[in-house]
Amino acid sequence: MSNLYNDDVPESFELYNRATRVVPGGVNSPVRAFRSVGGTPRFMVRGTGCHLYDADGNRYIDLVNSWGPLLLGHAHPAVTAAIADAAPLGTSFGTPTPDEVALAEEIVARTPVESVRLVNSGTEATMSAVRLARGATGRDLVVKFAGCYHGHVDGLLASAGSGVATLGLPDSPGVTKGTTADTIVVPYNDIAAVREVFSRHGDTIACVITEAAAGNMGVIAGRDQFNASLYEECRKHGALLILDEVMTGFRVGRGGVADAADLYTYGKVMGGGLPAAAFGGRADLMEQLAPAGPVYQAGTLSGNPLACAAGLATLRQCTDEVYQQIDNTSRQLQQMASEALGEAGVPHRVSTAGNMFSVFFTDADVYDFETASGQNTAAYAAFFNEMLRRGVYLPPSAFEAWFVCTALDDEAMTHIHDALPYAAAAAAKVEA
């Protein structure tokens, strides 16, 4: 396959230079900066179906899909039409709207939650769920897992996964010791460590929060009924379990992972590419939120009409047939990547949670943040850059998930298949 893509990106380079003068690091979210893979971040100007187009005129097959929300691909006609219909009516009212009720009903119908509160971001959702758990239990301590990311909430930025791992930061300056003093961090997939923590602090633990399937240290699913065991321990000690489904919710199935829990957080797909998130759970817990109860949470733009329109249009398109297609495409892509790397002699592990997956550049078993951190990130960087050069846009970090969409057709899959051996060969040249 010949290289049809420009290695020179003068427009993106100039935009990045301009951005660094007015935006910290030149980006508005750290992993976009390409720090762990090298080179200049691409500035995208358009997305259609499974393709992205950058400011230099290059086209890429997109395997990031806005980090998960675009299950249907870019600019899906039903979603763009819903936004176009809603926009002339007003972009924000600061009042209740019919569509926010409809979106809440759609979420309740698809998930285990009985009641749900709409917010604007996954960070807001997890922050609010933890506050509610503390208010409902009258306890302070929160248990989280190393490598799990729950947004940039101060108290949860302890061993916080992909963004911090990508940048090589142990935690975040600006987060005080007092803020994290009530956070206990234990290894992911280690139920024995959780039981030990409960044996010491059981009557002061408000909640355990975990990603329903880890996606921010790379994709790592819970093992040996991990989530079910967490729920059992929480019930035994009067604590609450929060399942963070911001990434997995409506992505790996109609309702997400949907294991048993007390509270859940959602985002990504439910906004259809616009800023929207939610948290919900048992009705008796949710009734403790203001104005029904004493736990305060608010947001001027929560449930805004554009995000609700996009979210509703997206979820209504997400049928069982769509998920079957997504799962099949993901399995095919996993096999293609593994075969290319195997033929090139590159040590690797493909790790999955439904249709989300990561390729770890290691021959060791990967089951938590420590084992994920043992991979050859330099080999991934070489792999990433060769795929980028050949028109395939992968996550610019070895600690992120690959996301597929319904718009990936046979032509796109053939293009990816043809590019993979070149990227595998590039990775093979990097010493471990």
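Where in the chain does F34 lie? F34 sits in the loop between helix 1 (10-22) and strand 1 (44-48). Helices (H or I, at least four residues) and strands (E, at least two) are DSSP runs, numbered from the N terminus. The model is predicted: local features need pLDDT of at least 70, side-chain atom pairs count only at pLDDT 80 or more, and totals for chains, interfaces and linings use all residues. Residues are numbered from 1 along each chain as its sequence is written, and side-chain values use heavy atoms, with hydrogens and water left out.

Start with the backbone. Most residues other than glycine have a negative phi, and most peptide bonds are trans. F34 has a positive phi of about 65°, although it is not a glycine. At 1% relative accessibility, F34 counts as buried. Buried means under 20% relative accessible area, exposed means over 50%, and partly exposed is in between (1.4 Å probe, protein chains only). F250 is another residue other than glycine with a positive phi, near 65°. F250 belongs to the loop between strand 8 and strand 9. Its relative accessible area is 0%, so F250 is buried. The peptide bond joining A290 and P291 is cis, with omega about 10°. P291 lies in the loop between helix 9 (283-286) and helix 10 (305-317).

Stay with the loop between strand 8 (240-245) and strand 9 (263-266), where R254 is also found. R254 is partly exposed, with a relative accessible area of 37%. Which residues does R254 touch, leaving out those up to four places away in sequence? They are R110, C318, D320 and Y323. Contact here means heavy atoms within 4.5 Å. R110 is 144 residues from R254 along the chain, yet their C-alpha atoms are separated by 6.1 Å.

Now move to helix 7 (residues 191-201), which holds F198. F198 is buried, because its relative accessible area is 2%. Beyond four places in sequence, F198 touches I205, V208, E233, C234, H237 and A239. Take E233: F198 and E233 are 35 residues apart in sequence and 7.8 Å apart in space, C-alpha to C-alpha.

E211 lies in strand 7 (residues 205-211). E211 is buried yet has no salt bridge. A salt bridge is a side-chain nitrogen of Lys or Arg within 4 Å of a carboxyl oxygen of Asp or Glu. Lys and Arg count as positive and Asp and Glu as negative, while His and the chain ends are not counted. The nearest side chain of opposite charge to E211 is K144, 7.7 Å away. A polar atom of the E211 side chain lies 3.1 Å from the backbone nitrogen of G215. Not counting residues up to four places away in sequence, E211 touches G147, C148, Y149, H150, Y188, N216, N227 and D244.

Turn to the cysteines. A disulfide is a covalent bond between the sulfur atoms of two cysteines. The cut-off used is a pair of cysteine sulfur atoms within 2.5 Å. By this rule the count is zero disulfides. C50 is in no disulfide, and its nearest cysteine sulfur, that of C405, is 5.7 Å away. C207 is in no disulfide either, with the sulfur of C234 nearest at 7.9 Å. C50 counts as buried at 2% relative accessibility. C207 is buried, with a relative accessible area of 0%.

How many aromatic pairs does the structure hold? The count is 13. Rings of Phe, Tyr and Trp (its six-membered ring) pair if their centres lie within 6.5 Å; planes under 30 degrees apart count as stacked, over 60 as edge-to-face and the rest as tilted. The F361 and Y380 rings have centres 5.7 Å apart and planes at 80°, so this pair is edge-to-face. F361 lies in the loop between strand 12 (356-360) and helix 12 (369-372), and Y380 lies in helix 13 (residues 377-389), so the pair ties together parts that are 19 residues apart in sequence. Both F361 and Y380 are buried.

Y380 also pairs with F383. Their ring centres are 6.5 Å apart and their planes are at 40°, so this pair is tilted. Y380 and F383 both lie in helix 13, three residues apart, about one turn of the helix. At 1% relative accessibility, F383 counts as buried. These residues belong to one aromatic cluster, formed by F357, F361, Y380, F383 and W402.

Terms used
A polar contact is a pair of N or O atoms within 3.5 Å; within protein, one must be able to donate a hydrogen and the other to accept it, and residues adjacent in sequence count only if both atoms are side-chain atoms.
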